[in-house]
Amino acid sequence: MENFYLLILSIFCCLALLPTSHSRLTLDYYRKSCPRFEQIVQDTITNKQITSPTTAAATLRLFLHDCFVSGCDGSILITSTRPFNIAERDADINLSLPGDGFDVIVRAKTALELACPGVVSCSDILAVATRDLVTMVGGPYYSVPLGRKDGLISKSSAVEGNLPRPTMPMDQIVGIFSKNGFSVQEMVALSGAHTIGFSHCKEFSHGIYNYSRSQPFDPSYNPRLAQALQNACAGYQSNPTLSVFNDVMTPNKFDNMYFQNLPKGLGVLDSDHGLANDPRTRPFVEMYGRDQNAFFKAFAAAMQKLSVLGVKVGKDGEIRRRCDAFNNIST
């Protein structure tokens with residue numbers, strides 16, 4: 001019996017020593033198999049960002065939406081094969097994801113397939129392209145471990161409840177981050193991604209038109225911003241593509257201005273107002289508004305942590321030939 005317990009103990013010890021998925025990633029994963037990997041991605045994103053300045057924000061949002069649903073495995077990139085499979089990108093919350101984010105990944109994958117066919121995963125491309133684009137528009141650099149495999153599943157039904165919506169109460173948003181292992185401070189730091197990018201008018205129209213009988217707009221808004229938003233979004237019902245910048249002061253620069261804006265009522269979304277007013281998040285909003293270095297340090301650390309969330313390695317994934325389709329059509 002003693003030998004039996006020793007055997008069980010030894011098995012548990014061995015299991016404890018097995019590497020987790022993200023610990024099997026390395027910074028130099030493609031050093032021999034695709035030595036120009038990072039340079040090819042860099043060249044691709046540079047050309048795309050110059051011609052389409054919204055690419056950085058689009059790719060950053062795409063990456064966040066990918067990682068929070070089944071991990072950073074490129075499942076957001078899959079195109080639906082109706083009626084057999086409705087993929088993540090066709091979930092309601094993902095329909096507004098800008099095309100520039102998808103396009104830059106397709107371009108990078110095409111170039112990499114010419115240089116080193118069947119070697120680089122789409123999920124690694126997305127992770128590195130996001131980092132490089134953030135850096136290109138002024139944000140912090142952070143290391144991205146490599147060696148992810150592309151996921152084998154992408155279903156729109158898996159999305160709802162796993163991505164924060166701007167209209168959610170703060171408790172629910174905090175809960176979504178918490179279940180993925182992120183603290184309130186990390187959540188606020190990642191919310192700083194709104195320093196670039198835009199939001200569609202339909203996402204906040206309820207706060208700027210006919211808010212209540214006594215208030216024409218949500219009093220959380222700075223009155224001048226509310227009036228400007230009313231003018232900018234006047235035709236949103238007939239033109240659902242109408243949008244405004246999330247950071248009304250420096251919209252194309254990754255900086256801490258977003259956090260400086262929030263206490264002044266210059267946030268666009270309900271969740272922006274929530275960050276500024278909730279006692280759990282306001283201290284971090286104020287700190288990052290005062291200290292850009294603190295924000296950059298926290299954002300870089302949180303992004304590095306996010307980039308290894310739920311990654312697939314080994315037989316749990318594949319290296320897709322095309323980023324928008326599984327290699328096996330029956331997958």
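## Aromatic pairs

The count of aromatic pairs comes to 14, where rings of Phe, Tyr and Trp (its six-membered ring) pair if their centres lie within 6.5 Å. Planes under 30 degrees apart make a pair stacked, over 60 edge-to-face, and the rest are tilted. This is a predicted model, with local features needing pLDDT of at least 70, side-chain atom pairs counting only at pLDDT 80 or more, and totals for chains, interfaces and linings using all residues. Residues are numbered from 1 along each chain as its sequence is written, and side-chain values use heavy atoms, with hydrogens and water left out.

Take Phe-254 and Phe-299: their pair is tilted, at 4.9 Å centre to centre with 55° between the planes. Phe-254 sits in the loop between strand 2 (243-245) and helix 9 (257-261), while Phe-299 is in helix 12 (residues 292-306), so the pair ties together parts that are 45 residues apart in sequence. (Helices, H or I of at least four residues, and strands, E of at least two, are DSSP runs numbered from the N terminus.) Both Phe-254 and Phe-299 are buried, meaning under 20% relative accessible area; exposed is over 50% and partly exposed in between (1.4 Å probe, protein chains only).

With Phe-259 in helix 9 and Phe-295 in helix 12, the pair ties together parts that are 36 residues apart in sequence. Phe-259 counts as buried at 1% relative accessibility, and Phe-295 does too at 0%.

Zoom out a bit, and ring pairs link Phe-254, Tyr-258, Phe-259, Tyr-288, Phe-295, Phe-296 and Phe-299 into a cluster.

## Charges over rings

Arg-89 lies over the face of Phe-102, 4.0 Å from the ring centre. Lys-305 lies over the face of Phe-182, at 4.9 Å from the ring centre. The rule here asks for NZ of Lys or CZ of Arg within 6 Å of the ring centre and within 35 degrees of the ring normal.

## The two sides of helix 6

In helix 6 (residues 170-179), the buried residues are Met-170, Ile-173, Val-174, Ile-176 and Phe-177. Looking down the axis, they fall within an arc of 155°, so they line one face of the helix; the arc is taken from the directions from the helix axis to the C-beta atoms. The face turned away from the buried side carries exposed Asp-171 and Lys-179.

What do the buried residues of helix 6 pack against? Their partners are helix 7 (184-191) and helix 10 (270-277), with contact meaning heavy atoms within 4.5 Å. After helix 6 comes Gly-181, with a positive phi near 90°.
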